[in-house]
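The entries below keep the order in which I looked things up.

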Amino acid sequence: MTRQTLSRRLFLTRSAALGCSLAASPLMTPVTMASAPGENRLVVLILRGGLDGLDAVRPYGAPEFDSYRGRLLDTAVPGELDLDGFYALHPALAPLMPLWQAGELGFAHAVSTPYRDKRSHFDGQDILEAGTASLDRAPDRDGWLNRLLQGLPDAEAETAYAIGRSDMLLTRGKADVSNWSPDAALPLSPQAEKLLDMVMHDDPLFRDATAEAIALSQISLGLSADAVEGEDALDSSGMMGAMQDSMAGAGKKGGLDEIARFAAGRLREETRIAAWSVNGFDTHAAQSKRLPRALTDLSDTLLALREALGPVWEKTAVVAMTEFGRTARANGTGGTDHGTGGAMLFAGGALRGGRVVGDWPGLAEADLYDRRDLMPTRDVRAHAGWMMRQLFGLDTGLIERSVFPGVELGADPKLIL
Amino acid sequence: MSFDPERAAIRFGCGLSPRIAPPDSAEAMLSQLTGRDRAAEAFPVPGFQAAVAHYVAVRAARKALRATKTEADREAKLKARKKVERAMSDDGSRWFASTMLRRALTEDGFRERLVAFWSDHFTAFEQGGPLRFSHVTYTEEAIRPHVAGRFADLLRASATHPVMLRYLDQSRSAGPNSQAAERREKIGGLNENLAREMLELHTLGVEGPYTQTDVRQLAELLTGLSYSMKAGFKFRPGLAEPGAETVLSVEYGGNKARLEDIYAAFEDLARHPATARHIARKLAVHFVSDRPDEALVDAMAARYAETDGNLPEVYAAMLEHPAAWADQPGNIKQPVDFIGSSLRALDIVPRALPSGKYGRMRRMFFTPLQLMGQDWGRPAGPDGWTESDAEWITPQRLSARLIWGMTMPYELRRALPDPRDFVETALGRRVPEEVRFAARAAETRAEGIGIVLSSPAFQRM
């Protein structure tokens, strides 16, 4: 990938502009952002672990639903969570009901990536992020969000940030995306900085990361550019203490909320695209206990985004997608195993929400994929592709050839206002 | 290219040390590996029962706290709970210190690397709670004794260890027609988690010739693998699905559930050509290169097949192959390798580590490891740590390595070595000229040491 290497001065100037919110930023999840022309914003959330679409958006109107799940999973559908007489929202998503009522929340059901049969998380996530029709194990493969950036005529390299300690395949590729993390502090002498540059120079992997790594090391205490430039040397225990403090912050429940607020801050300015992950959806056991935690993270993220985006929420579309759905039937341990078809979520003021789109395939045994999973009737890429077309005016040919090679876009679900 | 002592110590061992000579031949490495485990004797780590003892104590203290009625009593019970939790964390730190001291001071560095490799291959751990350090005991009991044995034994030992049975939900899985299910016991029904990962990650590999039906059948076959906190692994026929199961076209078992049938499937999975290939490639990727020479992988897979997965033979095939010694820049050290080889190059003494003090160990090791991207013993999923060099050297993670290298050596030994000597100790005969220059030109000893430890020449294997 091309990593934008920032000069230290420029870097510090930018970080100073962001102020102290950085010091509190969570570190566990990378956020990637990029600027793009126009006023519309796209946020992509990757739900890792395989979200059980049949639990998040419950097709309670399907005659088989209760018998598949009733014994081991909570399938209660309080009236206030009813969406349209057929689907109902998982209780943990209840805080999102006002968005649904305002037309700012929607779902697509019975969708999946083109990935089939092996049901591996790792391959499933790879295919979801690569946006390809089949698995490509090439080490230099890129992600669809990066190819989207490449397809936008006036996309600029500036304001492309990744926060956290690793990057995502989703955003990897030729278009510039730089990494940023407030984790750690290291006051280095100018001499040491020069020498580090020198020893790193002949190894491209290190050379590309060093300048930014050094800059990162120096902003993490929330120091202003001036303080770093000055003589405020810290003893080593203070430094490591700060590392520890920032880690402790990352472990707290507020982590995703902080990420959403940080992303919103950038999206209110030049940034047009942001992406990060929400984890914890692999619910093999005790799903009634575990899934609500992950769904609450998702719902908190959306609500924090809406609040922090302010008026920009009107121009924002969020799409949340996962590597696969889960089995139609509960397994023996109050959970569900890896499946195929699932659900994706849309939110935002730019959205024509209040709907669950999709061709419902039915849950009768013969209608299931492999007699076990919800049958996918549409490619998640088709929905994402239409959103990009409408948000950024992208040409359908470009979407079908480059961003999502081989996708059949099909009929327009008209997700965007 | 052929065997080279320093390269052997760096690429296949725990790095160079001013005190311990590198191995002088591949035969010497293998004979140490199959001999006595002296590092484990010198720096012991206990088995699962030690983790269970903490579990029992912490649970009892939490229960006592919940039962309190008066404010004074609450105070006392809260203190008692904190004490047992602290004892658990301090012990976890001691176990970590042992694993690091083994790396720093062993003469048999290949063994430590193999233990880490296989422990990652068969990833199992607890996310948190009173068993949160049990992964160390799992590695010690299920992995370490078998790294110089047959792959099939490693597979069996991991798949029957309580930590694995818990991690991949196996101990909660019961056949839909098992006695337990018929009696409607709380235990529930089938769970595919271990069966799937066993095929996808532990044996055949994701590209292996298995189907969803094989996953399902293996999940049914594995029912009955269970444990108790007191006794450890336990086979419970009451959980087992009656009847035979067919995995990869081979039928196992009959009416009566027997552990031997499960073990027979382990033997067959271990013997499968796809497993030979998967294991050979994974070892080559881990030790030699993200993109290993196909001839190297072929040679290792062939040796695996010829010897029925006898691991020292497979390692020998790797060490005998010229591609293993190629002069290319080697893989990036994972954070534990980086820290372990730093301790070794710095020639630290065991008492330099605040081994039984969780707070200090966290500040010096656990938090930095997390920041480098390797939360010790807890990868994101059952596929373990990434082998991709590029993922370890992102700006954020590199900055954590820089900070550790610049600051921790000073905390570990106040009398830092002269960077001009240290650069030769740490890098051996292949010191790049610019690193030698930088070590000499640094303004302080700490920065000089930090630059050497941060240099690609030290960060790579």
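Is E424(B) buried, partly exposed or exposed? I found E424(B) to be partly exposed, at 32% relative accessibility, where buried means under 20% relative accessible area, exposed over 50%, and partly exposed in between (1.4 Å probe, protein chains only).

Before going further I noted that this is a predicted model, in which local features need pLDDT of at least 70 and side-chain atom pairs count only at pLDDT 80 or more, while totals for chains, interfaces and linings use all residues. Residues are numbered from 1 along each chain as its sequence is written, chains are lettered from A and ligands numbered from 1 in the order in which they are written, and side-chain values use heavy atoms, with hydrogens and water left out.

**Salt bridges within chain B**

I looked up the partner of E424(B) and found R436(B), with which E424(B) forms a salt bridge at 2.9 Å, N to O; the term requires a side-chain nitrogen of Lys or Arg within 4 Å of a carboxyl oxygen of Asp or Glu. R436(B) lies in helix α22 of chain B and E424(B) in helix α21 (residues 419–427), so the pair ties together parts 12 residues apart in sequence; helices here are DSSP runs of H or I, at least four residues long, numbered from the N terminus. R436(B) is partly exposed as well, at 26%.

I then turned to D298(B) and R277(B), whose side chains meet in a salt bridge, again 2.9 Å from N to O. This pair links helix α15 (residues 294–306) to helix α14 (residues 273–287), both of chain B, across 21 residues.

For R172(B) and D169(B) the closest N and O atoms of the salt bridge are 4.0 Å apart; R172(B) is partly exposed at 32%, whereas D169(B) is buried at 6%.

**The interface of chains A and B**

I recorded that 63 residues of chain B are in contact (heavy atoms within 4.5 Å) with 60 residues of chain A. The two chains bury about 5200 Å² between them, 63% of it on carbon and sulfur atoms, buried area being the accessible area (1.4 Å probe) lost on being put together, summed over both parts.

How many salt bridges does the rule find across this interface? I count two, and R372(A) with E192(B) form a salt bridge at 2.7 Å, N to O. Of the elements on the side of chain B that touches chain A, α20(B) gives the most, with 12 residues.

Definitions and conventions
Helix = DSSP H or I, 4+ residues; strand = E, 2+ residues; numbered from the N terminus.
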